[in-house]
Amino acid sequence: MKTKFSVILALFTFCIANAQQDEVDAEMNSAKGVTFQQGDMFLEGSIKISTGGTADYYGFSPKFGYLLNDKFAVGAKLNYSSNKVETTQVKTNVFGVGAFARYYFLELDKKRFKTYAELGLGYGRNKTETPLVGSDTDNSLTADINVGLNYFVTKNIAVTFVLANVLAYNSVSPENGPSSDTFQLNINLFENIFNQPQFGVLYRF
């Protein structure tokens, strides 16, 4: 009788242990409890599309990031964008390179939801095509501060949303004309966070 009871108890303990291990494995493969560590890296691609108004804009910005710790990341980025004004048919293409620093300051939903602020610096080569005048090329220097978030759907893949551009500076130096500087500061940045739809996908490895 004791032998049978010991066998039943052993089988019960084995089943419980297997169930707990399956739960742990499922938890590890899910997005719950996602934490960054020093040395983590990520690839991220952001897309911005704006159509239907006075201008059509398409932009793509791939990034590579490296985590210095669980809060700070630095990295490099490329940028390509095309903007066409419908009324004048003026088209501008931009290709740029740059660097960024990112700070994660808020985690929610069992750390799946991570909000960040990002400072970016970049250099761009811009080509403007005008129907009657022809084409012109100029160089630009940019600096901006953005607020965005990553929402992890698995432990390695997250959806990225750029919610607002808090500050932007742009200096353009045309080949055939005077240079110009623009500065924009958005105080009421959350009045309509989806006014500039920009999204993408992050892959952490």
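Residues are numbered from 1 along each chain as its sequence is written, and side-chain values use heavy atoms, with hydrogens and water left out. Because the model is predicted, local features need pLDDT of at least 70 and side-chain atom pairs count only at pLDDT 80 or more, whereas totals for chains, interfaces and linings use all residues.

Helices (H or I, at least four residues) and strands (E, at least two) are DSSP runs, numbered from the N terminus. Two strands are said to pair if DSSP finds at least two bridges between them. Strand E7 (residues 157-174) runs antiparallel to strand E6 (residues 134-152), and 15 bridges join the two. E6 and E7 form a hairpin, with 4 residues between them. Within this pairing, asparagine 139 stands opposite serine 173 of E7. Strand E7 is also joined to strand E8 (residues 180-185) by 6 bridges, again in an antiparallel arrangement. A hairpin is formed by E7 and E8, with 5 residues between them. Asparagine 170 has threonine 182 in E8 as its bridge partner, and valine 172 is partnered by serine 180 in E8. A further antiparallel pairing, of 5 bridges, joins E7 to strand E9 (residues 198-204). In that pairing, isoleucine 157 has tyrosine 203 of E9 as its bridge partner.

Side chains of opposite charge can pair when their charged atoms come close. A salt bridge is defined here as a side-chain nitrogen of Lys or Arg within 4 Å of a carboxyl oxygen of Asp or Glu. By this rule, the count is 6 salt bridges. One of them joins the side chains of aspartate 40 and arginine 204, at 3.5 Å from N to O. This pair links distant parts of the chain, 164 residues apart: aspartate 40 lies in the loop between helix H1 (2-29) and strand E1 (41-50), and arginine 204 lies in strand E9. A residue is called buried under 20% relative accessible area, exposed over 50%, and partly exposed in between (1.4 Å probe, protein chains only). Aspartate 40 counts as buried because its relative accessibility is 15%, and arginine 204 is likewise buried at 13%.

Arginine 102 forms a salt bridge with glutamate 118, with the closest N and O atoms 2.7 Å apart. Arginine 102 lies in strand E4 (residues 91-108) and glutamate 118 in strand E5 (residues 113-130), so the pair ties together parts that are 16 residues apart in sequence. Both arginine 102 and glutamate 118 are buried. These two residues belong to a network of salt bridges that links Glu44, Lys63, Arg102 and Glu118. Lysine 114 forms a salt bridge with glutamate 107, the closest N and O atoms being 2.6 Å apart. Lysine 114 is buried, with a relative accessible area of 1%, whereas glutamate 107 is partly exposed at 31%.

A nonpolar core is a set of buried Ala, Val, Leu, Ile, Met, Phe, Trp, Tyr and Cys residues joined through side-chain atoms within 4.5 Å. The largest such core has 12 residues, among them Phe42, Leu67, Ala73, Phe100 and Leu202. E4 and E7 are the elements that give two or more residues to this core. Leaving aside neighbours within four places in sequence, phenylalanine 42 is in contact (heavy atoms within 4.5 Å) with residues including Leu67, Ala73, Phe100, Arg102, Leu202 and Arg204.
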